[in-house]
Amino acid sequence: MKTRRISIDVLRGLTIFLMIMVNTPGSWTYIYAPLRHAEWHGCTPTDMVFPSFLFVVGLSLYLSLSKASGNKTVLIKKVIKRAGIIFLIGLLLNWFPFYNKHITDLRIFGVLQRIALAFLGAGLCILLLRKKQWILVTVLVLLLGHWALLYVFGGSNPYTLEGNIGRKVDLLLFGENHMYKGFGIPFDPEGLVGTISSIAQVLLGYVIAGYTLSGSIPTNKKIVSVAGLAVFLILTGWIWGFVYPVNKPLWTGSYVLYTSGIVTLIWVLLIWVIDLKKQERWAFVFKVFGRNPLISFVISILLVKIYIYIFRFEGSNLYSWSYNTVFQPVFGNYFGSFMYAFCFTWLIWLMAYWLYRKGKIIKI
């Protein structure tokens, strides 16, 4: 089980490393194309990061629930409690540093909130359904149900920014003051309706982990079969995308299958290199992040907000000043923006490394 955990730790850590990188460019004006999200439909390498984390949540759920003790009620309470804590932290991060935003303008959803709700939904499904076949049926129901919601209630343009039902639901339930406005109009890419298919992505991770990690250490034969499954998911998602676009902001089912297939393929490669070939030393950087993933992400968001909102001077802030004064003059616009994100990520890694050396695992 130890080697299995390492491959999952590395995948989790790689995801957090990339998540911090794409969230902290020196300038949002100068970003290399692969480090940008698709404008709407489509999937760039950056669009792979968040679904990768949800998929890894499913892998982790398999490890934790397969060895969990206690009756079902106790486990359900633990899942609800953890989801509540993660959601609350996400909400507080949206509000931080508190003095600059009134609660009536507080965005309700976000990355951690989506993780919390997907974890909650998937955890309850796993604990209540138990059997793999019923969990797979649930995945299909969630993906097809989400598609039906978007198609039936989205009007003549169901997959557009303005017309999608997810935006309408969030506007109705929460109001535009509590929604993300980075698309130019109130629309939350981590809103309520997209949570349906996000739960399916976590469940896919759980089911694939159950198949891959059952029995002894995965053999070459099993690795080939899981790789074949990954290719099947990629092709299915891509083909489905012709009628149901691959779209991260809507978190479409085609996007779930396509990204889950790619993440599975990466995980299979990690299993082969780490578990079978015993080549682990190269992955130490990612293993450090993988031991404390969520707290590393939380620290990165806190530090960015401290740079922007607390260390302000002469109409600027520490975040912009450090890019404009150090990174841009030395490395240029695009590479300077990239190096800023790279150095910032390593700063967070040093904090995670301190926790790693102390043997501390902070579970959120």
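# Questions about a predicted model

Visitor: Leaving aside its neighbours within four places in sequence, which residues is Lys287 in contact with?
Guide: This is a predicted model, so each answer describes the prediction. Lys287 sits in helix α10, residues 284-291. Neighbours within four places in sequence are left aside here. The contacts of Lys287 are then Ile6, Asp9, Val10, Glu280 and Tyr356.

Visitor: Does Lys287 count as buried or exposed, and at what relative accessibility?
Guide: Buried means under 20% relative accessible area. Lys287 falls under that cut-off, so Lys287 counts as buried, at 10%.

Visitor: How many helices and strands are there in the protein?
Guide: Both kinds of element are present in the protein. The count is 13 helices and two strands.

Visitor: What is the radius of gyration of the protein, and how compact is the protein?
Guide: For 364 residues the globule rule gives 21 Å. The protein comes close to that value, so it is as compact as a globular protein of that length. Its C-alpha trace spans about 60 × 55 × 40 Å along the principal axes. The radius of gyration is 20 Å.

Visitor: What share of the contacts with a separation of 6 or more comes from residues 24 or more positions apart?
Guide: Take the contacts in the protein with a separation of 6 or more. Then pick out those between residues 24 or more positions apart. They account for 74%.

Visitor: What percentage of the residues in the protein is buried?
Guide: The protein has 364 residues. A residue under 20% relative accessible area counts as buried. Buried residues make up 51%.

Visitor: How far does helix α13 reach from its first C-alpha to its last?
Guide: Helix α13 covers residues 333-357, which is 25 residues. At 1.5 Å a residue, 36 Å is expected. The reach of α13 is close to that, at 36 Å.

Visitor: Which residues of α13 are buried?
Guide: An α-helix has 3.6 residues a turn, so residues three or four places apart point the same way. In α13 the buried residues include Tyr340, Phe344, Ile348, Ala352 and Leu355.

Visitor: Which residue just after α13 takes a positive phi?
Guide: Look just past the end of α13. Phi there is about 70°, and the residue is Gly359.

Visitor: What is the relative accessible area of Trp251, a residue with a positive phi?
Guide: Trp251 is not a glycine, yet its phi is about 55°. Trp251 lies in the loop between α8 (220-240) and α9 (253-276). Trp251 counts as buried, with a relative accessibility of 0%.

Visitor: Which two residues does a cis peptide bond join?
Guide: Pro97 lies in the loop between α3 (72-95) and α4 (111-129). Omega of the cis bond is about 5°. The bond joins Phe96 and Pro97.

Visitor: What distance separates the C-alpha atoms of Gly315 and Leu142?
Guide: Gly315 is in the loop between β1 (312-313) and β2 (316-317). Gly315 is exposed, with a relative accessible area of 76%. Along the chain, Gly315 and Leu142 are 173 residues apart. Their C-alpha atoms are separated by 48 Å.

How values were computed:
Residues are numbered from 1 along each chain as its sequence is written. This is a predicted model: local features need pLDDT of at least 70, side-chain atom pairs count only at pLDDT 80 or more; totals for chains, interfaces and linings use all residues. Side-chain values use heavy atoms; hydrogens and water are left out. Helices (H or I, at least four residues) and strands (E, at least two) are DSSP runs, numbered from the N terminus. The radius of gyration is taken over C-alpha atoms; the globule rule is 2.2 Å times the number of residues to the power 0.38. Buried means under 20% relative accessible area, exposed over 50%, partly exposed in between (1.4 Å probe, protein chains only). Contact means heavy atoms within 4.5 Å. The expected span of a helix is 1.5 Å times one less than its number of residues.
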